[in-house]
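Here's a quick tour for someone meeting this structure for the first time. Have a look at it, then read on.

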Amino acid sequence: MSQPISNAAQTASLMPNAEQRTKLRRMRNIKDKFSGYGIMTAGIAVVGSLALIFVYLFSEIAPLLRGASVDVQQTYSLPANDQVAGSSAEFISLERYEEIGTAYHKNGTVQFFNALSGAAISHQQVPKSADASFTTLGASEASHGLVAYGYSNGEVAVVKAQYDLSYPDDKRVVTASLGYPLGETPVVLDANKAAISVLAIQATSEGMVLSASTSDNRLVLGVVSSEVNAITEETTNTTATFNLPPLPEGEKVTHMQLDNDGRYLVVANDKAQLYLYNITKPDAAERYEPVKVEGGKVTAMRFLVSTGSLAIGTEQGQVSQWLMVRDPQNKYHVTHVRDFEPLEGAITHIAPEFGRRGFWAADDKGDICIYFGTSARTLLTKSMGSTPITHIGISPINGRVLLLDQTQKVRMAKVWNEHPEVSFSMLWEKVWYEGRDAPDYIWQASSGSDDFEAKMSFVPLSLGTLKAALFAILFAVPLGVMGAIYTAYFMTPKLRGIVKPTIEIMAALPSVILGFLAGLWLAPFLENHLPAIFCILLLVPVVMLIVGFTWSQLPLAIRSRTPEGWEAAILVVPVILTVWGCVDISPYLEIWFFDGSLPQWFTNNGVKFEQRNALVVGLVMGFAVIPSIFSIAEDAVFSVPRHLTQGSLALGATRWQTMMGVVLPTASPGIFSAVMMGFGRAVGETMIVLMATGNSPVVNFNIFEGMRTLSANIAVEMPETAVASTHFRVLFLAALLLLALTFVVNTAAEIVRQRLRKRYSNL
């Protein structure tokens, strides 16, 4: 009896006393608080990191939301001298360094002046015959910088402001002079020597094209080609003139514009109508039926950059854009596509911007307005006083502008208008682009030519993202979830210990390797064995059902030889043989039923087929998503309390009934989380869709066509875009959209999961 007493005494001696317990409790409280603060800090850090990502993305996107601004910095009168006395400036321009302005006066004087101060620099006189006088001016597309003077004797002189750079003492100096692309001798445009009343000019790859309306209401066209003597370097101009079909009796030409290729001439008359002339063959020019311009007579008309569309202003202040649209008979028509916010007075001038589809308009009330064609935006409306603005000169870099009013005063203003291309309608609605016969959703953000019109619709990218994720989920969810249920509930622990780690190791495969295999091996294989895929999808489930039914009909003595939970191993050989048989018979199926080629059969029947398509992406990305879905769903099913399943079995339910009525409802929150995790993984996948889809931004859910996703688009185009450009910031907007989509999906999934958990928590 002494031994137990001794043990009790020894145990009592080892127990802490009151002072020690107080100290231990104090240490435990300190550790608990430290752990609590640590967990809270980590949670705040995670939330803060996510918030910082949003802040950074938004900081890059914010300039897209900023409107245009025009700040007048100087106001001055054009330099006065004897040559310009009594003459008004009809045209004004600004060179790319925004230092020198050029004013073209109606009397043929061309002034160069300091754009910042208005100080005179130099002036030159356009030559003319003694018996001729200047009657009108015409300007080419802004990028060519050509100005044509029309004479009272049917002649035309073409001039161009030239700016030479020099760097004396390492300081940039711009020297202005006047050049004559066709020589100083005027070109005879009208052999009848009638006065030129309206004039248009355009430089083309074939030469220079001039068109004019004469004082006797005739329309003439001139094509000037130049040849340079290789020895003397002298330039010889050859002018071919043609008479165009006149306007109907009683109509008078008010404006005309030539396109960049010299193939079409647009004429506005005094009855608010537009005529399109096909001058591809000048000696057999065609005049098409007129179209009506709403809003009164045309008072201003200019082609925008690349001359694919017209900006038109009317006497009632209406501003609209018109496209050159080709019909199914390959015939072009001038088509009205969009209207802009009107100005209060009659439009006095329209000035296209350089390198993009923006333009400025001015009215006789002294107001100016900045528009952008593609995005259909009215960016700014601003009053410049009560004096009508007669001309606007925009710099080639769109950074400054010269505003000339009726009193010959010039306002030099600084302009901020960096990202006019972006609007909600451009990103999410159908847009009618130049060269298209109808509005459409298009992503084509860059090109090698300044004439290209950026097309940045998010619809093809968003649908492509959903399309890729949808087909991947359709493939991965049945296999992942059903495999998880069987592995966790029906499979023997020993076999589960092999299967579960093997599938989870699949998650470690780099997506770039999967994309590489998908693009270079799987895509050609599927194209050559397309019937095999459909046979596999149909026959493998049927074979599994047949094998299962056959197994259930075997005598118990035979079935008992296979340990419980190992039944899945019986399916391995039949499934492999079925897949092999489908692949082996695939060429014969194509010969028997599809004229030798199923892809070609689809194409012949109106279903477009591409080698790298959504089917390839669905299979490969589904393969990449399966481990995530399987692992989470399997853990959820395996974690169902045993007392629930044992109680169900004890009440007489079969294992299948227990799984359907007890296990699945209890594990449903976890299974739902697995599916949503897989969806999030599929939405954000980059390399597989980049390498296996063809990256075609199309708007459809055709499983045999490719797509372009938001993530793949960012990966492809971000390295090539200019920093801080509109394209650059739109890609950041796409990244924010992708992040927001993932955040919304995960938040919605968590809400649903919590409701499911609450609903089945009483089991």
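In β30, Y76 has V410 as its bridge partner. Strands here are DSSP runs of E with at least two residues, numbered from the N terminus, just as helices are runs of H or I with at least four. Two strands pair if DSSP finds at least two bridges between them.

Zoom out and you get an open, antiparallel sheet of four strands, ordered β1-β30-β29-β28. β1 (69-77) and β28 (389-394) sit at the edges with a single partner strand each, so one side of each has no neighbour in the sheet.

## About the model

This is a predicted model, where local features need pLDDT of at least 70 and side-chain atom pairs need 80 or more, while totals for chains, interfaces and linings use all residues. Residues are numbered from 1 along each chain as its sequence is written, and side-chain values use heavy atoms, leaving out hydrogens and water.

## The cores

A nonpolar core is a set of buried Ala, Val, Leu, Ile, Met, Phe, Trp, Tyr and Cys residues joined through side-chain atoms within 4.5 Å. Buried means under 20% relative accessible area, with exposed over 50% and partly exposed in between (1.4 Å probe, protein chains only).

The largest core has 79 residues, and W443 and F458 are among those with the most contacts inside it. Helix α4 (residues 458-490) gives the most to this core: 15 residues. There's also a second, separate core of 20 residues, including A139 and L178.
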